[in-house]
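Colleague: Could you take me through this structure step by step? I should like to look at it while we talk.

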Amino acid sequence: MVGLHEYLVVSGLLFLIGAVGVLTRTNGLILFMSLELMLNAVNLTFVALARYTGSLDGHVFVFLVTAVAAAEAAVGLAIFVSLFRLHRSVNVDQMNAMGE
Amino acid sequence: MEATWLWLIPIAPLVTSVLCGAIALATRNAEAPPRRLVGWLACLGPGLSFALSLLAWTELRGLMPVGRMLSQTAYRWIDSGVLQLDVGFVVDPLSSLMLLFVTGVGTLIHIYSTGYMHAERGFARYFAYLNLFMFSMLILVLADSLPLLFVGWEGVGLCSYLLIGYWFEDPAKAAAGKKAFVVNRIGDFGVLIAMFLVLWTLQGVGSASLSFADLRRHTEAFTPALATAVCLLLFLGATGKSAQIPLYVWLPDAMAGPTPVSALIHAATMVTAGVYLVARMHFLFALSPVASTIVAVVGAATALLAATIAVAQNDFKKVLAYSTVSQLGYMFVGVGVGAYGAGIFHVFTHAFFKACLFLGSGAVIHALHDEQDIRRMGGLRHKMPLTFWTFVIATLALAGIPPLAGFFSKDHILWEALSKPNVVAPWLPPVLWVVLVAAALCTAFYMWRLVALVFLGSFRGDAHTYEHAHEAPPSMAMPLVLLATGSVLVGLLGVPHLLGGSNRLESWLHPSFTLAQDTHLESPPHEGEESGGSAAETEASVGHEPVSAHATSAALPESAAMAVALAAGLLGLGLGHQLYVRRPQAASALAMRLPAVRRLLAGKYFIDELYAAAIVRPLRLFSDRVLWRIVDMRLIDGSVRLLGWLTWALSVAFRFAQSGYVQTYVLVVVLGVFALLWRVL
């Protein structure tokens, strides 16, 4: 039987993997993937808990998160395309203009 | 009695002042300002005030002596909590007398100015200031409350500053104006504090109005110590405005202004404001024998000090300036010993002869093309006979030669100083009297020296200037003649009983100087009884029947005292004649014999230098070393710089946090989340 506990453990692991990816990888596209992983880990939690409590609120939130994630991916990818045209790279290690 | 037209008296010169000022601004760059129009306008304002003052005086004469008072409440000025204050004007015998000579002498000097200033580019500006001065002075005289009086008080100070520095292109003259203003501010501070004290006291008895009538009604609220404090603070203001020790130093420098200004503001009217203030507040001074005694002592000291300085001055106007300081000292002795009528009488007569002397000096300076050094004058009586004769008349009046005006008023003060007993220092009256007689001797001496050096003998300047010297034009001669006539006649208003007169001026002023109106109802002023009086009146008000001032322990009978004073005046004139006309070399020989005395007197006792060393220079040093270098540079600038430095230092520390690497930020966020979780769980 797969219960709430298993769902939460999986989503926690997914979130951790995503977070470590965001922190360690330098390729911008991989960074995005890791971010999506973290968002979906949260989505999984929402759905699992919604089922567990029998309410619809969690499902609504998942749709919201998916919409935001889609928008974010669209804007982010556009930025990275622009950055690639400028620097011929999407390596975030080379992008520290805000610190100078 | 209510008189709704009193406000017209001060407003008339204000209107003409504004008009003259507008013309001055409009014709700033014009080749020829409209002098004729400005001249007429400028004389119209004070002339109108004079006519209205005459009207007020005749109305006042028609009333019973006890109820002699015209008043008008113009509008509610301050309505703030407990303090209710109206702008109100009042004409009683005291202010009617002041009004008459302020507007009368003022009008004459305006007429004179149209002649004296005719070549000036700032003609309209000058008259705008002079009319503004008339307005302020009339507010001061007509005010029915201390704050309104203070408005006029400050106004005349401002106009004095503007007119002393009239030729502001000359730094020395601008500095003289500034000095007058700053020194006066020291006195004004005293008046302000006194007003606050009065308000604070009157609040205690539930009357928070500062009108003279209310003050008079509530004198019982003042403890002796409080009355003394208020009086001394008021007197501090008076020493500033009326040039007494220790604040007299600005008046001689004020001679930097045009001569008619010296005549009007710095001799006849404004400088008597201090005497007027003391006379106005006589009911408080009567409560404080200590303060009154200090007033008298300071007055006597100033009279002698200034008279001796005047002996050794060589600037025509400086001699007259020190003479003014000295005469103001006499007035303060008068009001200080409680003889308010005598003090005001001297204010009145002095306005005529001193204005005449100043206008005479102006005519001479004008004729000699701005020469002011009397060592380069002489023999001018042939060139300017009219000026000479009016000047001599005024000189004799000042020296106290009967039957000219100065004799009666000065003698009145001398006699009151000698005969009024002093409860604080019983030995004081004879000392005051001797000092004043000595000052009178000096006065006669330096005045005759002035006459001798300017008008007698032969001319000591260059011949060309002498050739061009001319008699004053009619606009200047007319005021001279009128003022000289006044110097002869006005003294007759106050002929003492001893000489068969009835001292009408004293009886006229009497209602203003009685302590309580009601006690006066049953005993109107009758002939032969002294009126006014602080020490005597205080005793009378607390004690039994009114004390007659004649029942005092005067060291001399009145006739003998009068004879001695007259002899002193004649001796001074004779000495002056002997030293400066008969044997001119004797004067310089005497000066050679006493070099220390000459230097001391010519150096004005080095009071200016003393002030500079004791007050001005330490203050400057303190400002420079402490206030500027430490307080301003270190504390104020330093605290601002510290803020800047702090921002910089913090930014150095924190800018490492802003690396620009997104991942670093994320790491911090994650760590933060962990920290938060750790705290919460």
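Colleague: Does H369(B) count as buried or exposed, and with how many C-beta neighbours inside 10 Å?

Modeller: H369(B) counts as exposed, because it has 11 C-beta neighbours inside 10 Å. A residue is called buried if 20 or more other C-beta atoms lie within 10 Å of its own, exposed if 12 or fewer, and partly exposed in between, with C-beta atoms placed from the backbone. Please note that this is a predicted model: local features need pLDDT of at least 70, side-chain atom pairs count only at pLDDT 80 or more, and totals for chains, interfaces and linings use all residues. Residues are numbered from 1 along each chain as its sequence is written, while chains are lettered from A and ligands numbered from 1 in the order in which they are written.

Colleague: Where does H369(B) lie?

Modeller: H369(B) lies in the loop between α15 (340-367) and α16 of chain B. Its phi is positive, about 55°, although H369(B) is not a glycine. Helices (H or I, at least four residues) and strands (E, at least two) are DSSP runs, numbered from the N terminus.

Colleague: And K604(B), is that one buried or exposed?

Modeller: K604(B) counts as buried, because it has 21 C-beta neighbours inside 10 Å. K604(B) sits in the loop between α26 (595-602) and α27 (607-654) of chain B. Phi of K604(B) is near 55°, a positive value in a residue other than glycine.

Colleague: Which peptide bonds are cis?

Modeller: One cis peptide bond joins I245(B) and P246(B), with omega about 10°. P246(B) is in the loop between α8 (224-241) and α9 (250-253) of chain B. The bond from P402(B) to P403(B) is also cis, and its omega is near 5°. P403(B) is in the loop between α16 (385-399) and α17 (405-419) of chain B.

Colleague: Stepping back, what is chain B made of?

Modeller: Chain B has 28 helices and two strands. Its C-alpha atoms fill a box of roughly 115 × 70 × 55 Å, taken along the principal axes. Of the 681 residues in chain B, 51% are buried.

Colleague: What is the mean pLDDT of chain B?

Modeller: The mean pLDDT of chain B is 87, and 94% of its residues reach 70 or more; pLDDT is the predictor's confidence in each residue, from 0 to 100. Over residues 516-551 of chain B, however, pLDDT stays under 50. Where pLDDT is low, the predicted coordinates should not be read in detail. The model scores ipTM 0.80 and pTM 0.79.

Colleague: Which residues have the most contacts inside the largest nonpolar core?

Modeller: They are V333(B), A355(B) and L436(B), in a core of 216 residues. Helix α18 (residues 428-455) of chain B gives the largest share of this core, 20 residues. A nonpolar core is a set of buried Ala, Val, Leu, Ile, Met, Phe, Trp, Tyr and Cys residues joined through C-beta atoms within 7 Å.

Colleague: What is L436(B) in contact with?

Modeller: Leaving aside neighbours within four places in sequence, L436(B) is in contact with A300(B), A303(B), Y330(B), V333(B), L414(B) and A417(B). Two residues are in contact if their C-beta atoms, placed from the backbone, lie within 7 Å.

Colleague: Now chain A: which residues of α1(A) are buried?

Modeller: In α1(A), the buried residues are S11(A), G18(A), A19(A) and V22(A). Seen down the axis of α1(A), they fall within an arc of 100°, so they line one face of the helix; the arc is that of the directions from the helix axis to the C-beta atoms. The face turned away from the buried side of α1(A) carries the exposed residues H5(A), E6(A), V9(A), L13(A) and T24(A).

Colleague: What covers the buried residues of α1(A)?

Modeller: The cover includes α2 (28-53) of chain A together with α28 (662-680) of chain B.

Colleague: How many residues does each chain bring to the contact?

Modeller: Chain A brings nine residues and chain B brings nine residues. On the side of chain A that touches chain B, six residues are nonpolar, two polar and one charged. Here Ala, Val, Leu, Ile, Met, Phe, Trp, Tyr, Cys and Pro count as nonpolar, Asp, Glu, Lys and Arg as charged, and the others, Gly among them, as polar.
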